[in-house]
Amino acid sequence: MTRWLTTGLLLLASTAAAQGNLIIRFLDVGQGDAVLITSPEGKSLIYDGGRSETRMRELIQQYQIKNVSLVAASHADADHITGLVPVVEQFRPQLFLNNGLAGTTRIWSKLTSAAQQAGTKGLVAQDQVINLGSVKVTVIPPPPGMKAGEQNTHSVGLLIQYGTFKALMTGDSETAETEGWLKTYPASALGPIDVYKSIHHGAKNGDHPAWLSAVRPSNVVISVGPNNYGHPTTQALALYAKAGAAVYRTDLNGTVTVTVQPGGQYTIKTERGKSTPTPTTQPRSQSTPLVIPATPPAGVNVSYANCTAVRAAGKAPIRVGEPGYSRKLDRDGDGIGCE
């Protein structure tokens, strides 16, 4: 059974019933990662901060961020932590979640110094659940056996859950780490995922078929900007296409905003453009925001192209015998589709 569900609970706010929506913004920070997560109660968490303090200050103003309860660094690379410095300085968050592997760069020293001055407490990732208001944040720590000193393979993951909605982000994990997670957690605890942040900006050493088969993403967001690494790679894009996921890229779409209603239904909006067409055998909606298909009238045969359509219609999970159920929606064959 999933270990993290039996471990400590850290309360950051009341877990009273939500009155609003969960907002997840995959911020356009150029080549780097930064995700702003705001609960219905107005509590915010920032997972990574991109490579620019100036850019993060602009985004704080643009999105009128009022508070940050927790900052989380997937790992200590500069393109993930630099923007956390102004966040810590301005909002003095309660906690700084990290992998416990100290960085060796000047920006790491600057961040930890800022946290110390702000009174922000360090929190090393382990199997734990953080309640950000009514949003459940499950910490996915690096699995045992990772090579000492390697930041990428010690990336900290976060699983965000609100109603039936699930989002997953895993920093710059590489194959060794995701293979370790597959040995640690059952696939049913990882996926299916509604919105998934591409590993390592779409690098070829990030996502791989076995991992994506467990994650089963409906939508993939690639945090990427101009770079000399070839990100996102054709290999990663081919994997997402094969998975049948709609793909959003911050370099093409700007900040990507996911709005999740209390029941788990969600829409995706971009600053510009639409999701990348995916060469799947089953067409997906590519509109911006995500178009919610109308529920077919009574008496009409119901057919859903995929689980995104099922969720958009508010029918997930869909059980055998119910209108619209089909085996293609029930990957594990347990009689329940789009779980």
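Analyst: Glu58 and Arg55 both belong to helix H1, where three residues, or about one turn of the helix, separate them. Helices here are DSSP runs of H or I with at least four residues, strands are runs of E with at least two, and both are numbered from the N terminus. The model is a predicted one, in which local features need pLDDT of at least 70 and side-chain atom pairs count only at pLDDT 80 or more, whereas totals for chains, interfaces and linings use all residues. Residues are numbered from 1 along each chain as its sequence is written, and side-chain values rest on heavy atoms, with hydrogens and water left out.

The side chains of Glu58 and Arg55 form a salt bridge at 3.1 Å, N to O; the term denotes a side-chain nitrogen of Lys or Arg within 4 Å of a carboxyl oxygen of Asp or Glu. In general, side chains of opposite charge can pair when their charged atoms come close. Glu58 is partly exposed because its relative accessibility is 41%, and Arg55 falls in that class at 23%. The classes are buried (under 20% relative accessible area), exposed (over 50%) and partly exposed (in between), computed with a 1.4 Å probe on protein chains only.

Arg57 pairs with Glu89 at 3.9 Å, N to O. This pair links distant parts of the chain, since Arg57 sits in helix H1 and Glu89 in helix H3, 32 residues apart. Salt bridges with shared partners join Glu53, Arg57, Glu89 and Lys110 into one network. Arg57 is partly exposed at a relative accessible area of 41%, and Glu89 is partly exposed at 42%.

The packing of the helices can be described next. Two packed helices are described by the angle between their axes and the distance between the axes. For H1 (residues 53-62) and H3, the axes come within 7 Å and cross at roughly 50°, and H1 is therefore oblique to H3. The axes are lines fitted to C-alpha atoms, for helices over the stretch in contact, and the angles run from 0 to 180 degrees between N-to-C directions. Angles under 35 degrees count as roughly parallel, over 145 as roughly antiparallel, 65 to 115 as roughly perpendicular, and the rest as oblique.

H1 meets H3 through Glu53, Met56, Arg57 and Ile60, and the H3 side consists of Val85, Pro86, Val87, Glu89, Gln90 and Phe91; contact means heavy atoms within 4.5 Å. By class, this contact of H1 with H3 has six nonpolar, one polar and three charged residues. Ala, Val, Leu, Ile, Met, Phe, Trp, Tyr, Cys and Pro count as nonpolar, Asp, Glu, Lys and Arg as charged, and the others, Gly among them, as polar.

H3 (residues 84-91) also packs against helix H4 (residues 106-118): their axes come within 9 Å and cross at roughly 10°, so H3 and H4 are roughly parallel to each other. Leu84, Val85, Val88 and Glu89 of H3 meet Ile107, Lys110, Leu111, Ala114, Ala115 and Ala118 of H4. The classes in the contact of H3 with H4 are eight nonpolar, no polar and two charged residues.

Gln31 is buried, at a relative accessible area of 5%. Its side chain reaches the backbone nitrogen of Gly225 at 3.0 Å. Apart from neighbours within four places in sequence, the residues in contact with Gln31 include Arg51, Asp79, His201, Val224 and Tyr229.

Note on methods: A polar contact is a pair of N or O atoms within 3.5 Å; within protein, one must be able to donate a hydrogen and the other to accept it, and residues adjacent in sequence count only if both atoms are side-chain atoms.
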